[in-house]
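Hi everyone, thanks for coming.

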Amino acid sequence: MMVCQALRWNAQAAMSPGDFTRSVGMRLAIVATTHLQEQELEQGLTLGHQAVGILAHVESTRARGYVQDLVTALAPWQQETAVADFVHHARTELALTG
């Protein structure tokens, strides 16, 4: 249910990353977190990587907070190599702590 609502919201908010970099990156991080809450690890990681790639070019505490929420949502899978790689990548690219 939550994923459907988040995906509808995501589709309605279609924006170009070049014009709305921060907004697009935050939106991707939020939708990625929603997928993780629905136990959809692969989709969550895919969107998470896209979010980090976009937000690496943005100075925004708020945007980094959304990625930190994403990292926190990955806790159940922390032993997975793909998750550890993503967390390392996010922390390195966005200077996340914790």
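This is a predicted model: local features need pLDDT of at least 70, side-chain atom pairs count only at pLDDT 80 or more; totals for chains, interfaces and linings use all residues.

Residues are numbered from 1 along each chain as its sequence is written, and side-chain values use heavy atoms, leaving out hydrogens and water.

Please look at helix 3, residues 41-55, and helix 4, residues 61-73. Helices here are DSSP runs of H or I with at least four residues, numbered from the N terminus. The two axes come within 11 Å and cross at roughly 155°. That makes helix 3 roughly antiparallel to helix 4, a term for angles over 145 degrees.

Which residues meet there? From helix 3 we have G44, G48, V52 and L55, and they meet A63, R64, V67 and L70 of helix 4; contact means heavy atoms within 4.5 Å. Sorted by type, the residues of this contact are five nonpolar, two polar and one charged, with Gly counted as polar.

Now R64 again: E59 forms a salt bridge with R64, with the closest N and O atoms 4.0 Å apart. The rule asks for a side-chain nitrogen of Lys or Arg within 4 Å of a carboxyl oxygen of Asp or Glu, and the count comes to one. Buried means under 20%, exposed over 50%.

Finally, R27 sits in helix 2, residues 21-37, and is buried at 7%.

Terms used:
Axes are lines fitted to C-alpha atoms, for helices over the stretch in contact, and angles run from 0 to 180 degrees between N-to-C directions. Helices (H or I, at least four residues) and strands (E, at least two) are DSSP runs, numbered from the N terminus. Angles under 35 degrees count as roughly parallel, over 145 as roughly antiparallel, 65 to 115 as roughly perpendicular and the rest as oblique. Buried means under 20% relative accessible area, exposed over 50%, partly exposed in between (1.4 Å probe, protein chains only).
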